[in-house]
Amino acid sequence: KSINIKMICEKAGVNRTTFYVHYDSVEDVLYDICKQYIHKAYNIFMNTKISYKQRLTLSMEIVKNKLEFFAYLLQNVSNLELYILEIIEHSNFETSNNLKNEKSRLSLSFIISGFIGILKIYFNDLINGKTKEISTSEVADIIINSINMNNPNFSIK
């Protein structure tokens, strides 16, 4: 299902003139909304005061709570992983300066790609009724067990 400016204006209760004062296109709106959610998820994921399981679970909850929006992104934004990495790199997130280091950038790219891959499968199956709903906490357990994050030689920096 595609989104157009008329739909956005109707949903927001504003006229087209007001829309164009703030945005040039539908893509600008999507980018702005995506940036807000990515900022929340990124800050959670980078919070070293909570466990990896909590980080994964809380990050997935952000997506799950806005499932329709993220389902649209997953289906309509090619290279979503690069799109998200670009948002992080061009935002003033607390740790985004670390991405100037090539190894940190590649590490985050790996995490984002895996996270997007899991979301595509998990939420697609939920939307299409292919699976009973399993909790995001259970999905986090599956991820952790798959990569054995309890291994003392494994760490994400």
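**Notes on the predicted model**

1. Cysteines first: the structure holds zero disulfides, a disulfide being a pair of cysteine sulfur atoms within 2.5 Å. For background, a disulfide is a covalent bond between the sulfur atoms of two cysteines. Cys 9 counts as buried because its relative accessibility is 6%, and Cys 34 counts as buried too, at 0%. The labels work like this: buried is under 20% relative accessible area, exposed is over 50%, and partly exposed is in between, with a 1.4 Å probe and protein chains only.

2. Some ground rules. This is a predicted model, where local features need pLDDT of at least 70 and side-chain atom pairs count only at pLDDT 80 or more, while totals for chains, interfaces and linings use all residues. Residues are numbered from 1 along each chain as its sequence is written, and side-chain values use heavy atoms, with hydrogens and water left out.

3. On to the largest pocket, which holds about 750 Å³ of space. It has 22 lining residues, and the closest to its centre are Ile 3, Ile 8, Lys 11, Ile 33 and Phe 69. A pocket here is worked out on a 1 Å grid over the protein atoms alone: an open set of points where a 1.4 Å probe fits, with protein on both sides within 12 Å along at least five of seven lines; lining residues have an atom within 4 Å of a point. Grid points are joined across faces, edges and corners, and the volume is the space filled by probe spheres set on the points.

4. Who builds that lining? At least two residues each come from α1 (5-12), α2 (16-22), α3 (26-45) and α5 (67-76). The largest share, five residues, belongs to α5. Helices are DSSP runs (H or I, at least four residues), numbered from the N terminus. By type, the lining splits into 15 nonpolar, three polar and four charged residues.

5. Now the rings. The whole structure has six aromatic pairs, meaning rings of Phe, Tyr and Trp (its six-membered ring) with centres within 6.5 Å; planes under 30 degrees apart are stacked, over 60 edge-to-face, and the rest tilted. One of them is edge-to-face: Phe 19 with Tyr 20, at 5.2 Å centre to centre and 90° between the planes. Phe 19 is buried at 4% relative accessibility, whereas Tyr 20 is partly exposed at 42%. Ring pairs also bring in Tyr 23, giving a cluster of Phe 19, Tyr 20 and Tyr 23.

6. Another ring pair, Tyr 37 with Phe 69, is tilted, at 5.8 Å centre to centre and 50° between the planes. Tyr 37 sits in helix α3 and Phe 69 in helix α5, so the pair ties together parts that are 32 residues apart in sequence. Tyr 37 is buried at 16% relative accessibility, and Phe 69 is buried at 15%.

7. Helix α5 also carries Leu 73, which is buried at 1% relative accessibility.

8. Last, charges. The count is one salt bridge, defined as a side-chain nitrogen of Lys or Arg within 4 Å of a carboxyl oxygen of Asp or Glu. Lys 53 and Asp 141 make it (3.0 Å, N to O). The pair links distant parts of the chain, helix α4 (residues 52-65) and helix α8 (residues 136-147), with the partners 88 residues apart. Lys 53 is partly exposed at 29%, and Asp 141 is partly exposed at 31%.

How values were computed: Ala, Val, Leu, Ile, Met, Phe, Trp, Tyr, Cys and Pro count as nonpolar, Asp, Glu, Lys and Arg as charged, and the others, Gly among them, as polar.
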